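I opened my notebook to look up a few things in this structure. My notes follow, in short entries.

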Amino acid sequence: MNFGQIFECDIANGEGCRTSLFVSGCTHHCRECFNPETWNFDFGEPYTDKTEEFIIESLRSDYIRGLSILGGEPMEPENQPVVRQLVERVKSEVPKADIWIYSGYTIEELLDEGNTRCHTEDTLPILQKTDILVDGEFVLEKKNIMLKFRGSSNQRIIDVPATLQRYGKQRDILVLAEKYMV
Ligand code: SF4
């Protein structure tokens, strides 16, 4: 996996002051994407052990609330093995850090075992370590600059632990994180 940037105190992509990792590669190609250079899986530089150490160490700071992973598309199958490794390490080594993931795939698509475009053996383990998923493609017709933490009104800010808890029981899967849906 390649990545384009790491922000060390990002307040735009999730609650609080966050470390944000912008991974490379995205097949959605939304119209007027804010970051089209990241569509290329070779954009930026290789994600290495050193990169991961840097992220883990940054999260230990008292003033950093958590990690946001965006892009590009963190949930492209090519990126999921590395994202899985990162989120598992974060939850194990810096448990105070919450994890937000931004994906152009909806949570329904990600959880659909028959969906070979985005569901892999790593998908559920990633979601099981994720606190908030901001899901869905950017839709230009639904663009709204007043929205918090998302670009268009179709995108949803999902409480992933609560959603996964309900998913197995009744497939009434969607639990919005209401406090962010303003
Ligand atoms: S999913 Fe995000 S990075 Fe990918 S094309 Fe859409 S807006 Fe751009």
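I started with V175 and asked: is V175 buried or exposed? V175 counts as buried because its relative accessibility is 16%; buried means under 20% relative accessible area, exposed over 50%, partly exposed in between (1.4 Å probe, protein chains only). The model is predicted, so local features need pLDDT of at least 70, side-chain atom pairs count only at pLDDT 80 or more, and totals for chains, interfaces and linings use all residues. Residues are numbered from 1 along each chain as its sequence is written, and side-chain values use heavy atoms, with hydrogens and water left out.

I placed V175 in the segment after α5. Helices (H or I, at least four residues) and strands (E, at least two) are DSSP runs, numbered from the N terminus. I then listed what V175 touches (heavy atoms within 4.5 Å). Leaving out residues up to four places away in sequence, I found I157, I158, D159, A162, T163 and R166. V160 sits 15 residues from V175 along the chain, and their C-alpha atoms are 7.4 Å apart.

Beyond four places in sequence, L86 touches L21, Y47, E52, I55, L67 and I69.
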